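Open the model in your viewer and keep the selection panel at hand. The tour goes stop by stop.

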Amino acid sequence: MSRRTLDVIPKHRMLRRTLYGLLLAAPLMPLGVACGNGEDCGYGPASLRGGTVALNADGSLPSRPSCDSCPDQGDDGARLTGCHATASTVAGKAEVMCSYVTCSNDGRRPEGLREALVSESGGAMGALFAHAAWLEAASVPAFLRLADELKAHGAPEALVKAARRSAGDEVRHTRAMQSLAEHHGATLPDVDLPPFQARSLEEMLLENAVEGCVRETFGAFVAGWQSRTAQDPEVRDTLRAIAKDEVRHAELAWAVDAWAQERLTPTQRERLLQARRDALRVLGEEVEGHRPPEQLIREAGMPSREQALTLFQGLAGLVA
Ligand SMILES: [Fe+2]
Ligand SMILES: [Fe+2]
């Protein structure tokens, strides 16, 4: 096998087919629908942990837990759309995971990332790009950690190199988004990240399933959409370059997932699948409540609620 072959992650044909199919439909879809109804998205994390609730009498998770323990993100923050129960390490209890409407594209959020303060200058466009730049910057340590962990777990060199290359991509994305944010009068918030701790292969893969296979893959779809529909040519050009990289990042996540399958027990594989299903459900709830301001749909190419739902259906088909 040549060195070049070893360094290349194979293209994920179904992912690319799904994405290109969705993007081909972009010019045919009406722009500017489902907005201006007072339910604009905010800036903040798409999901946060709430408190705990009691399990059902038979030990199963409650299907409709109370969302009272979900944190309020404040006036400018993302608004709560719902919550669901997930397994907890506390006996007899389930954990409440809260979902919020966020304007942000999804990057690969590293574990422990503390939410940024929303930029108060620059309007909706500035806030969007400042938050996107912050997420891009946070993705850099996430990929460097992934590269180190892949190496430590004996993954093929192609995966390790692809993770390092992705970190470099995210540095470029940060600069590009920062430039757009500054153009609109906003500044990049600081990335506040506690030091990483050592973790198991399964823990690494759970993060990869949620942040890579689901959220970053959806982020690649949204970036591709923006690169075709943004009326601002500078946004279109910036997103075109970013979208190409994001497709490769999504492919890396799926390649890591495929590599790891035979290293896991059947129980671990099921937990990984369940994490992916949970992440997809949470993302679906966010997309349901997604109503970006009309300016962001028009100028930044953000998908409207209906368009985002179409992209989500494409992702759901892929993840399923
Ligand atoms: Fe990126
Ligand atoms: Fe990325």
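Is glutamate 246 buried or exposed? With a relative accessibility of 6%, glutamate 246 counts as buried; buried means under 20% relative accessible area, exposed over 50%, and partly exposed in between, with a 1.4 Å probe and protein chains only.

Before moving on, note that this is a predicted model: local features need pLDDT of at least 70 and side-chain atom pairs count only at pLDDT 80 or more, while totals for chains, interfaces and linings use all residues. Residues are numbered from 1 along each chain as its sequence is written, chains are lettered from A and ligands numbered from 1 in the order in which they are written, and side-chain values use heavy atoms, without hydrogens and water.

**Stop 1: ligand 1**

Select the iron ion (ligand 1). Its protein donors are Glu136 (OE), Glu170 (OE), His173 (ND1) and Glu246 (OE), at 1.9 to 2.3 Å. Donors are N, O and S atoms within 2.8 Å of the metal (3.2 Å for Na, K and Ca); water is not among the atoms, so sites may look incomplete. Along the chain the spacing of these donors reads E-x33-E-x2-H-x72-E. Glutamate 136 sits in helix 3 (residues 123-152) and histidine 173 in helix 4, so the pair ties together parts 37 residues apart in sequence. Helices are DSSP runs (H or I, at least four residues), numbered from the N terminus.

**Stop 2: histidine 173**

Now select histidine 173, in helix 4 (residues 157-183). Histidine 173 counts as buried because its relative accessibility is 2%. Its side chain makes a polar contact of 3.1 Å with that of glutamate 246. Such a contact is a pair of N or O atoms within 3.5 Å; within protein, one must be able to donate a hydrogen and the other to accept it, and residues adjacent in sequence count only if both atoms are side-chain atoms.

**Stop 3: the bridge**

Select glutamate 170. It bridges the iron ion (ligand 1) and the iron ion (ligand 2), which lie 3.4 Å apart. Glutamate 170 is buried, with a relative accessible area of 0%.

**Stop 4: ligand 2**

Select the iron ion (ligand 2). Glu170 (OE), Glu216 (OE), Glu246 (OE) and His249 (ND1) coordinate this ion at 2.0 to 2.3 Å. The donor residues follow the spacing E-x45-E-x29-E-x2-H. Glutamate 170 in helix 4 and glutamate 246 in helix 6 (residues 233-260) link distant parts of the chain, 76 residues apart.

Key
Helix = DSSP H or I, 4+ residues; strand = E, 2+ residues; numbered from the N terminus.
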